[in-house]
Amino acid sequence: MVPEHFDVLIMGAGLSGIDAAYHLQKFCPNKSYIILEQRERIGGTWDLFRYPGIRSDSDMLTMGYSFRPWTHPKAISPGDDIRDYIAGTAHDEGIDRNIRFQHEIKRASWSSQEAQWTVEAVRKSQHAPDEPVTLTCNFLFSCAGYYRYSAGYSPEFPNAGRFKGRMVHPQAWPEDLDYAGKRVVIIGSGATAVTLVPAMAKTAGHVTMVQRSPTYIISASEQDKIANWLRRVLPAMWAYRLGRWKNVGFMTYLYQLSQHFPNFVKKGLLKKVREQLGPDYDVETHFTPSYRPWEQRMCLVPDADMFQAIKADRASVVTDHIETFTEKGILLKSGKELEADVIVTATGLVMQAFGGVELAVDGLPVDPGKTLAYKGVMMSGVPNFASVFGYINASWTLKADLICNYVCRLLNFMDRKGVRQVTPKDRGESAAASFVEHFTPGYIQRALAGWPKQGSKSPWRVYQNYARDTISLKWKSVADGALDFSNPPQTSATPAFARTSPRSEAEPASLSRMG
Ligand SMILES: Cc1cc2nc3c(=O)[nH]c(=O)nc-3n(C[C@H](O)[C@H](O)[C@H](O)COP(=O)(O)OP(=O)(O)OC[C@H]3O[C@@H](n4cnc5c(N)ncnc54)[C@H](O)[C@@H]3O)c2cc1C
């Protein structure tokens, strides 16, 4: 049976997958596309995570789509509203008709002979065994996020099995968990932990956050007063655009200031924490990181909610190392024991490239760690493939929008030139840095070996800079010398087995080095 064929196959119906579909519909209206989504619903991250207080930690004026205004008064938004926004976009744009749910992509193999991908997936059902599904497409667009969905990261804690209470990971929050009046210990100090602390402290007996080392925490208003005022006096789209540029400008300024004057920014951040917690609080121990601002993502807390919970004595922070779990809780290296009814391991994610899909080009497996990232979008030696990886120092969507727009420009360029295949070729450029630079969180460091590398210069650099990316992805010419455009060596009139010509340009020369 001939598999069903689409011009573009999008992996994932999260924030980026819906963004990709919107751009295709608008800028490549003649292209057929399909979205394969392993889960039952739209939303990705914003549907998966259900822990108390789940919210954005960047503002929704920059995390919303460029084409759809964010109109809620809260700029730091609850997860439910973000999910509704993504699902609403899919519904209003008719994108939901093109999603096949419960389809997990396992493998994708590129054939230069046919200039197409063969994508193998399984259709999952609660009532029947998995069913294999095969599709083909001209262009494969990975919008599968950056982490493993099946389980989060859980380090091996000594004697964890001895603990008699309940242990939960935020990535698999149990619906039935009742923690009202109970003693809760949260292990971790990242965005998830600082979200959970004030949310659980509302009803828990007491919440203790245990961290090995502190993180920078910055408080901002949940509501963006200027954006809300702009919305009252201007049409929604104008107000949104102005608010968005204001926030892009502020984030860029803060990031650049942190890069150039880290000590000045550090002093300012810690001064704000001291103002929140008062002169008697030990800010030095619990809120003073050893690294420079933005070497790890900063944690945003809306209206200082975490500091309020600490001041009200509903929550506390302990900076120490875990010696062992006990029946009653956790014994720390300092000898202190934290008793708990519930322990939350907010210990992070397992990073995963391209939804864990095995890629192959002309029969050779692709090792992403041996490729170079082209503009942070494509991989050297891998034809007709793009993926979305957003910013680590700003909202994900800013880059997702640029990448989706770029992929449409690329597809339209290929149509105009009458070529079916595009392959980034590094032409001697070699790996100079990992995909994400100057960023030290454990979950990123653990995974980077398996991700594409950066070269030393453009277009092989992965910028964390919206202005530079706007120029590179939106305005620069598509044909920049690093992309190889070609057609399959055979026409359909010539059977593949009759081909005797030497290796053509369309075939990647060596996939052991990937281009
Ligand atoms: C708790 C949390 C909070 C965050 N907060 C922010 C924030 O405030 N601001 C910000 O900018 N970023 C934030 N992020 C990053 C966040 O992931 C992005 O905001 C955004 O959701 C990424 O969208 P995405 O569509 O690229 O990926 P995802 O949201 O991860 O969606 C990927 C989709 O692909 C599907 N998929 C994956 N593999 C396969 C496969 N093999 N086959 C079929 N389908 C597959 C998944 O099921 C999922 O639906 C946060 C992340 C987490 C985990």
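Let me start with Ser77, which touches Arg55, Ser56, Met60, Trp70 and Ile82, leaving out residues up to four places away in sequence. Touching, or contact, means heavy atoms within 4.5 Å. Ser77 sits in the loop between helix 3 (60-63) and helix 4 (79-92). Helices (H or I, at least four residues) and strands (E, at least two) are DSSP runs, numbered from the N terminus. Is Ser77 buried or exposed? Ser77 counts as buried, because its relative accessibility is 1%. Buried means under 20% relative accessible area, exposed means over 50%, and partly exposed is in between, with a 1.4 Å probe and protein chains only.

A word on the model. This is a predicted model, in which local features need pLDDT of at least 70, side-chain atom pairs count only at pLDDT 80 or more, and totals for chains, interfaces and linings use all residues. Residues are numbered from 1 along each chain as its sequence is written, and side-chain values use heavy atoms, with hydrogens and water left out. pLDDT is the predictor's confidence in each residue, from 0 to 100. The protein chain has a mean pLDDT of 92, and 94% of its residues reach 70 or more. Over residues 492-515, pLDDT stays under 50. Where pLDDT is low, the predicted coordinates should not be read in detail.

Back to helix 3, which contains Leu61. Leu61 counts as buried because its relative accessibility is 3%. Which residues does Leu61 contact, leaving aside its neighbours within four places in sequence? They are Asp224, Ala227, Tyr240, Gly243, Arg244 and Asn247. Leu61 and Asn247 are 186 residues apart in sequence, but their C-alpha atoms are 7.3 Å apart in space.

Next, helix 13, residues 466-475, whose buried residues are Tyr466, Asp469, Thr470, Ser472 and Leu473. These buried residues pack against helix 7 (236-260) and helix 11 (396-417). Asn465 caps the N-terminal end of helix 13, with a side-chain oxygen 3.0 Å from the backbone nitrogen of Ala467.

Now strand 23, residues 483-486. Both of its faces are covered: Leu483 and Phe485 on one side, and Asp484 and Ser486 on the other, are all buried. Strand 23 pairs with strand 22 (residues 421-424) in the antiparallel sense, over 4 bridges. Two strands pair if DSSP finds at least two bridges between them. Asp484 in strand 23 is the bridge partner of Thr423.

On to the cysteines. How many disulfides does the structure hold? The count is 0, where a disulfide is a pair of cysteine sulfur atoms within 2.5 Å. Cys408 is in no disulfide, and its nearest cysteine sulfur, that of Cys28, is 3.9 Å away. Cys408 is buried, with a relative accessible area of 2%.

Last, the ligand. Of the 31 residues around the ligand, Ser16, Glu37, Asp57, Ser58 and Tyr149 come nearest; a residue is near a molecule or strand if one of its heavy atoms lies within 4 Å of it. A polar side-chain atom of Ser58 is 2.7 Å from a nitrogen atom of the ligand. A polar backbone atom of Ile105 lies 3.0 Å from a ligand nitrogen atom. An N or O atom in the side chain of Trp46 is 3.0 Å from an oxygen atom of the ligand. A polar contact is a pair of N or O atoms within 3.5 Å; within protein, one must be able to donate a hydrogen and the other to accept it, and residues adjacent in sequence count only if both atoms are side-chain atoms.
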